[in-house]
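Let us read a structure together, one feature at a time. Please look over the sequence and the model before the dialogue begins.

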Amino acid sequence: MSVEDIVIDAFLRSVLDTSVKTRQQCLALFNHAKTDPVSLRDTPPLDTELDLSAEQKLLYSHLAQLRGSNRNAIMAVRHTKQATAEARQEIDRLHLQLQNLYYEQRHLRGEIVACESYDHKYQQLPLIHVEEFLQQYPEHQNDDEHVLMIARIGHEHAEREALEQARQGLLKKKQGLIADNKKRKEDLASLDKDLERFIDKAAKPIQKIFEKEH
């Protein structure tokens with residue numbers, strides 16, 4: 001497998017191409033110096049000097065491209081690191097939020113189970129059966145279970161209020177009868193005393209007559 005098959009990123013392929021050209025240019029300059037050696041004290045011919053200058057400029061151009069690519073790569077790595085850190089922070093925040101949602105979900109499920117298993121007081125009320133209630137109030141035929149239960153509890157409340165009012169009425173009537181009976185007893189007691197006094201007063205003359213005869 002060649003390098004071209006391994007490197008598929010466009011930027012990296014451009015860097016690779018530039019590095020290959022730079023290497024080739026270095027080898028070309030090396031071969032030129034090897035095939036046409038010039039003493040440091042000798043002045044090379046004008047054509048040779050122009051060729052070497054052109055080759056050097058081309059090499060400097062490739063090196064400048066490599067430096068620029070290296071600088072761009074460093075900036076891209078920094079940007080990627082920053083983006084990765086920000087993405088990691090966002091993932092951590094979302095993960096924490098998800099954990100909080102899981103905790104809240106478990107809490108709510110526990111509350112729902114507790115509410116469903118709670119022994120509500122209304123379940124102990126002696127409500128009339130649903131069939132009997134619907135026969136008396138057919139307008140509740142299409143109500144759901146919750147609305148129907150509220151209506152039954154309201155019916156039971158109204159029935160108890162009516163019974164309480166009836167009880168209070170009977171209690172007042174009872175208190176009135178007790179008061180009447182008490183007054184009649186007092187009247188009878190007063191009548192007994194008056195009768196005793198009348199009898200005592202009427203019997204004294206008769207008693208005196210009997211005493212004279214004996």
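Q: What share of the 214 residues in the protein is buried?
A: A residue is called buried under 20% relative accessible area, exposed over 50% and partly exposed in between, using a 1.4 Å probe and protein chains only. In this protein, buried residues make up 9% of the 214 residues. This is a predicted model, in which local features need pLDDT of at least 70 and side-chain atom pairs count only at pLDDT 80 or more, while totals for chains, interfaces and linings use all residues. Residues are numbered from 1 along each chain as its sequence is written, and side-chain values use heavy atoms, with hydrogens and water left out.

Q: How many helices and strands does the protein have?
A: Helices (H or I, at least four residues) and strands (E, at least two) are DSSP runs numbered from the N terminus. Here there are five helices and zero strands.

Q: Which residues form the largest nonpolar core?
A: In soluble globular proteins, nonpolar side chains tend to be buried together. A nonpolar core is a set of buried Ala, Val, Leu, Ile, Met, Phe, Trp, Tyr and Cys residues joined through side-chain atoms within 4.5 Å. The largest one here consists of I128, F133, L134, L148 and A151, with α4 (130-136) and α5 (145-213) each supplying at least two of its residues.

Q: Is F133 buried or exposed?
A: F133 counts as buried because its relative accessibility is 2%, whereas Y137, at 27%, counts as partly exposed.
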